[in-house]
Each structure stands twice: as C-alpha cells, then as structure tokens.
Amino acid sequence: MRRLPLIVAGIAALATSGARQEPGVTAFTGVAVVPMDRERVLEDQTVVVRGGRIVEIGPSSRVRVPGDATRIDGRGRYLIPGLAELHAHIPPPANAEFQERVLVMYLAGGVTTIRGMLGNPQHLELRRRAASGEILSPTIYTSGPSFNGSTAPAPDVARRMVEEQRQAGYDFLKIHPGLTRAVFDTLASTAQRLGIAFAGHVPLDVGLERALEARYSTIDHLDGYVEFLARAERGAPAGFFGLALIDAVDTARIADAARRTREAGVWVVPTQTLFETMAGTLAPETMAAWPGTQYLPQQLVQQWIQAVRNFRQQNPDTARLARYLAVRRALIRRLHDEGVGILLGSDAPQWMNPPGFSIHRELASYVRAGLTPFQALRTGTVNVARFFGTERETGTIERGKRADLVLLEGNPLQDIGNVARIAGVMVRGRWLTVHELVGRLQVQR
C-alpha cells in the first residue's frame, strides 16, 4: 500500500461569510521585524501597510504613522512574512461550512498561501475569489483532478486530461500512484509541450531517476527516494513510501540522490510531520489533543486515531520505524545542504494534521533534521516566492511587497516553536487578531 485515501475527501464548499473588505491603513509600531532576506532581526521598527501593500518600513523614531492608521502594538513581538503550505488540501464542494472553516484554519496558523494538491473545478472559482478578497482565505494555487492508475489508464487518456486541465486553467497537474511508465511518459511530454508543471507522487513504475529526468515541479513526501536508496527494481513492492525496503537502504547513496535532485532542478516537499505522526511513538490519543484538532469534526479525528493504531499494528517493529524516520531526516538535511529547494508542506488535513496548525510541527521536524530555525523558515517564505516566481511580491518583508504578515509573541530565530505563538495574521493587507480568527472557528464536540 502506497497511501491511504485522503480521509476528508467528500467534504465541503464555500460559504460567503468572509465577504470582501477593503483593507485600510495599518501600522505595526515598535515591532521586531524578521525580514527573511538574511538571518537578522530589525529591532523597534514601524511597518505601514496601505491598500494591501507595505508602503513604509524603518526605525520607529523615523517613520511617521499616518493619522488614519490602525495602530498595532508590536512591542515585544516579532513580524515575519506569511507562511505557505505547499501540500495542502481544500475540501471538495459538498459542505460549505467545513470548507470555509478549513480556509480560516490555515490563516489561524499563519498560512497565507496554500497549494491545493487535489483540485476540482470549484477550486478555480475559489482561487479567484480568494485573490480578489471576496472570501477570507489564503492565496490559492490548485492542481486539477488526480492522474492515477484509475483516472489515466492509457496514454491517450492521459494526453487528453493534460490538455483539458491546461485549458481549464489549473496551476499544475497532480500525480498519484498507479501510473504506468508509458502513461507517465505521455503525461510528461504533453505537459512540457503545453507548459504546465506536474507534481506529487512518484509511481512505482516510474521511479526516482525517471522522475528527476522528467523534471517534476516538486516531488512530495520524498516519494521514490527510499526505493532509490535501496536500489529497488522499478515497480518492486515498497510498502508505505518505501518502508518495506528500509532494511536494504544504503545511506551512502543519499549524497547521490541529493546531487541528482539538485542537478535536475527539482524541488521537494517532505511532509515529514505526516511520517513522524504515523511511525513515531506518541500515543494517537495524545496527538488527537494537539492544537487545531478541536475545530475538526470529531468523527474525523477518531478516524485518524484508528488509522494510526492500524498502521502501528501492521508495523510493530519500532526499531525499523525509527530507522525509517532517521533516513528521512538524513535525506532532508543532505538535500538542503546540497542546495535542493525544500518547500514547507505537511499534507493537511490528513492524519493528525489540522490545517494551519500542522505546519508548525513540520517546521520543527526540519530543525530536528539539522536545519537552523532560519533555514526552516525559508522553506515556507523565501523558497516559496522563488518557486512561484513571485519574489517581487512575497517571501520577505520589504517596501512594496504584498502585506501577508504574521505577528508572533516570540523570536522564531531563537526557537522555531515561537512560530506557533501567533498574535495575529495579515492577509493581503487585512489584519485579523488570533482571537478574531479563532472566533470564526467552532469547537467541534
């Protein structure tokens, strides 16, 4: 088994309670700014936002606060760029209230940009409404419906799907397990001809080397890497993301995998917290009390608890699971050190990963893998801007950039855990305190 189905599939669409509000003038005063252009903190700054843009930033002694500005006291607080979740899921259009709640949950966790990894036609309209400010939502990038062994059983079908999704205006194509090599080759050549990226899983019949050769936009979950390290034959059974092959892994090949990835220019989205949840030792009942789970349907949370129990019952050797996690951490560290672009993504909502809230654990997992807090933060800020080509708009705190900002109660460069200590979030110039955001969520019992 390569992957359990997304448990929340079949839930949600959009309500209209986040109706458009034109952002006014806002000034963060006396705040410590973490601009993310390099590793530094600018103390006692005033940041002025007007019309959704940062129009002024500088020492509080020099920057004049406009008379019509809403002042936000930043003393003792830290301002960082908005974060991104590059392996997000937006519930499909079936329950408007739940879809709206998920989008607000992302914001409550400081996530101002999401990349939806299992799209449908309604998400295109959702993307437009989010960008225009008609709804309260992060900026949305979205794939089309999944390419997998069932939806794309033959090359001609894959070719037609690529053409249709490119015409529809999706941002990229999502690849799931099950594609044959012939189908994938047709998908890749058609996508390259039409200029649309593809990302996601690495099917067993494709393998990491071919995926890199085809220049995936992103390889998510580090899919295909354990098989490469174990020198598994193409199509050989690998279990849960290579877990069945862990005893055959040659860690000396990690350097080669990282070098090949860098040379191919392929980005990776590790979703490491997903694996630490499943293969770790923390009791599922304890994880079910993590921040954010209270805003999700409790039936869903109970399904997650059972999924973790089932996985661990099927994989009772804790030493093998620990080795599996250690190999993944070593991969993350070497990929980073080699210069491979790592992008922040946790696969929310999935298996104890509440939208927005799980991204904090993902950041912490990168630090455990050997990255510094600054390097970890880059995966969700600067790297994302580079990936999307929006460096002039996002990724750092600078004059003229879009006002996607998160105000924290502690210095994230000293302790990555401080990213979870959110005082408020600004999305496209609209300021929302954490109390306002949480007030839009409803505890589910």
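This is a predicted model: local features need pLDDT of at least 70, side-chain atom pairs count only at pLDDT 80 or more; totals for chains, interfaces and linings use all residues.
Look at the pairings one by one. E6 and E7 run parallel and share four bridges. In this pair, Glu85 stands opposite Ile114 in E7. Strand E7 (residues 111-116) is also joined to E8 by four bridges, again in parallel. There, Gly116 has Thr142 of E8 as its bridge partner. In a regular strand, side chains alternate between the two faces of the sheet.

## Helices around this sheet

E6 is mostly covered. Six of its six residues are buried.

Thr142 sits in strand E8. Is Thr142 buried or exposed? Its relative accessibility is 0%. The cut-off for buried is under 20%, so Thr142 counts as buried.

Which residues does Thr142 touch, leaving out those up to four places away in sequence? The contacts are Gly116, Gly119, His123, Leu124, Arg127, Tyr170, Asp171 and Phe172. Gly116 is also the bridge partner of Thr142.

## A four-stranded parallel sheet

A second open sheet has four strands, in the order E9-E10-E11-E12. Its pairing is parallel. Strand E9 (172-175) and E12 stand at the edges. Each pairs with a single strand, so one side of each is left without a neighbour in the sheet. Neighbouring strands of this sheet are turned by 25 degrees against each other on average, direction ignored.

Inside this sheet, strand E10 (residues 197-200) pairs with strand E11 (residues 218-220). Two bridges link them in the parallel sense. Ala199 has Thr218 in E11 as its bridge partner.

## Helix H7 and its packing

Helix H7 covers residues 254-264. Its buried residues are Ile254, Asp256, Ala257, Ala258, Thr261 and Ala264. What do the buried residues of H7 pack against? Their partners are helix H5 (207-213), helix H6 (225-229), strand E12 (267-269) and helix H11 (318-338). E12 is also an edge strand of the four-stranded sheet.

Just after H7 comes Gly265. Gly265 takes a positive phi of about 70 degrees.

## The whole protein

The protein has 15 helices and 15 strands. Its radius of gyration is 21 Å, close to the 22 Å that the globule rule gives for 445 residues, so the protein is as compact as a globular protein of that length. Taken along the principal axes, the C-alpha atoms fill a box of roughly 65 × 45 × 45 Å.

How much of the protein counts as buried? The share is 60% of the 445 residues. The protein exposes about 16,800 Å², and carbon and sulfur atoms supply 48% of that area. Sequence distance matters for the contacts too. Among contacts between residues at least 6 apart in sequence, 73% join residues at least 24 apart.

Note on methods
Residues are numbered from 1 along each chain as its sequence is written. Side-chain values use heavy atoms; hydrogens and water are left out. Two strands pair if DSSP finds at least two bridges between them. The radius of gyration is taken over C-alpha atoms; the globule rule is 2.2 Å times the number of residues to the power 0.38. Buried means under 20% relative accessible area, exposed over 50%, partly exposed in between (1.4 Å probe, protein chains only). Contact means heavy atoms within 4.5 Å. Accessible areas come from the Shrake-Rupley method with a 1.4 Å probe; for residues, only the protein chains shown count as cover. Axes are lines fitted to C-alpha atoms, for helices over the stretch in contact, and angles run from 0 to 180 degrees between N-to-C directions.
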